[in-house]
Amino acid sequence: MSITKHDWTKEEILEIYNKPLMDLLYEAATVHRAFHDPNVVQVSTLLSIKTGGCPEDCGYCPQAARYHTEIEGNDLMSVSHVKAQALRAKSNGSSRVCMGAAWRNVKDGAEFDEVLEMVRTINKLDMEVCCTLGMLTENQAQRLAEAGLYAYNHNLDTSEDYYKEVISTRSFDDRLQTIENVRKTNVTVCSGGIIGMGESIDDRAGMLVALATLNPQPESVPINALVAVEGTPMENEKPVEIWEMIRMVATTRIVMPKTQVRLSAGRTEMSREGQAMCFLAGANSIFAGDKLLTTPNPDVNEDMKMFELLGLKPQKPFAKKMQPKTTEAIDSKFKSLGEKPRWSRPEHKIEKNIEASIKGK
Ligand code: SF4
């Protein structure tokens, strides 16, 4: 059980996903206990540092400028505001702050410099810092690493086959390229996906194949249940059933034994019993705070009550990997290069997306 397998096939993963539930839970819990303390759960706080107005067309996302949702857009948050929020998160038991910006890709310049300062500031609070800023060049990944970034989130979202039904403004390969750029640094990779977007079980397995065959596998894999937001092309998708979530978490745990499996969006719709089964199935991370970027999340006090009830403890920062050293900007080996990203922009059009933007006009 100590060797991580990197040659998973879709058939093998489907066989695991479709096992009788009790067998699946037992196997996942056994793997979980071999690699992790089952009573420790890592708690992250997600902070939207720049909200809305995104040029991309991710069909699930209320922050895409082309969909007409009720979210309130915001320019880049100040460093002092981010620091105050991070201190609040720390006092509420979070070991990690994940900062999200609704950008297609990072652009070198004043805003990226501000983000680097936010990373340095949170690292100095002895918290793990994660960013999710869109596509990154290798140089930008290096600069984030020098600022003390612990993790970079870049979700694959779904399988390669289904990807074009969800997003047309970038390709699956673009996603893999950013993950590869992050892997050239000492920053850990956080990458997962969303279920409930109209994909098949085959697609869920396909996404897990893409993640589990990365070598090394991502240190963290968020599993989200779609929060269907009015005004997005996915507004009418059926809610994900708890059993689907449990199966997805358990399968992820078995195929990626060392990773932190993150129970992410969709927790407001889950009972405590449902979440407890997800923890038993191998989930060992959650997002805390009443908002996940723009969608609702359980109140932190409710989460702490659930931890007490289940005898769970929040994981301490840097329990899995040492705190990254912050190199002051002045000493940086990786100066801004003003690089032009060369990502693809497939001409593919998604009917549901076109309909949604026409409807909103
Ligand atoms: S998921 Fe990210 S990249 Fe896609 S539209 Fe939303 S903010 Fe933009």
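Which residues does UniProt list for "binding site"? The views below start there, in a predicted model.

**View 1. The UniProt "binding site" residues.** An unreviewed UniProt entry lists Cys98, Cys130, Cys190 and Arg262 under "binding site". These residues span 165 residues in sequence, yet no two of their C-alpha atoms are more than 13.7 Å apart, so they gather at one spot.

**View 2. Cys190 in strand β5.** Cys190 belongs to strand β5, residues 188–190. Around Cys190, 28 other C-beta atoms lie within 10 Å; the cut-off for a buried residue is 20 or more, so Cys190 counts as buried. Beyond residues up to four places away in sequence, Cys190 touches Cys130, which the UniProt record also lists.

**View 3. Arg262 in strand β8.** Strand β8, residues 260–263, holds Arg262. Arg262 is buried, with 24 other C-beta atoms within 10 Å. Neighbours within four places in sequence aside, Arg262 contacts Gly192, Ser220, Val221, Pro222, Ile223 and Ser285.

View 4. Strand β7 covers residues 220–225, and six of its six residues are buried, so β7 is largely enclosed by the rest of the structure. Ser220, Pro222 and Asn224 point one way from β7. Val221, Ile223 and Ala225 point the other way. Strand β6, residues 193–195, runs parallel to β7, and three bridges join the two. In this pairing, Gly193 stands opposite Ile223 of β7. Ile223 is also one of the residues in contact with Arg262.

**View 5. Surroundings of the ligand.** Which residues surround the ligand? They are Cys54, Glu56, Cys58, Cys61, Gln63, Ala64, Ala102 and Gly134. By class, this shell divides into five nonpolar residues, two polar and one charged.

**View 6. Helix α9.** Helix α9 runs over residues 242–255, which makes 14 residues. From first C-alpha to last, α9 reaches 20 Å, close to the 20 Å expected at 1.5 Å a residue. How many of the 14 residues of α9 are buried? Eleven are, so the helix is largely enclosed by the rest of the structure. The buried residues are Met245, Ile246, Arg247, Met248, Val249, Ala250, Thr251, Thr252, Arg253, Ile254 and Val255.

Technical notes: Residues are numbered from 1 along each chain as its sequence is written. This is a predicted model: local features need pLDDT of at least 70, side-chain atom pairs count only at pLDDT 80 or more; totals for chains, interfaces and linings use all residues. UniProt positions are given in the numbering used here, feature names are shortened, and annotations may be inferred rather than shown by experiment. Helices (H or I, at least four residues) and strands (E, at least two) are DSSP runs, numbered from the N terminus. A residue is buried if 20 or more other C-beta atoms lie within 10 Å of its own, exposed if 12 or fewer, and partly exposed in between; C-beta atoms are placed from the backbone. Two residues are in contact if their C-beta atoms, placed from the backbone, lie within 7 Å. A residue is near a molecule or strand if its C-beta atom, placed from the backbone, lies within 6 Å of it. Ala, Val, Leu, Ile, Met, Phe, Trp, Tyr, Cys and Pro count as nonpolar, Asp, Glu, Lys and Arg as charged, and the others, Gly among them, as polar. The expected span of a helix is 1.5 Å times one less than its number of residues. Two strands pair if DSSP finds at least two bridges between them.
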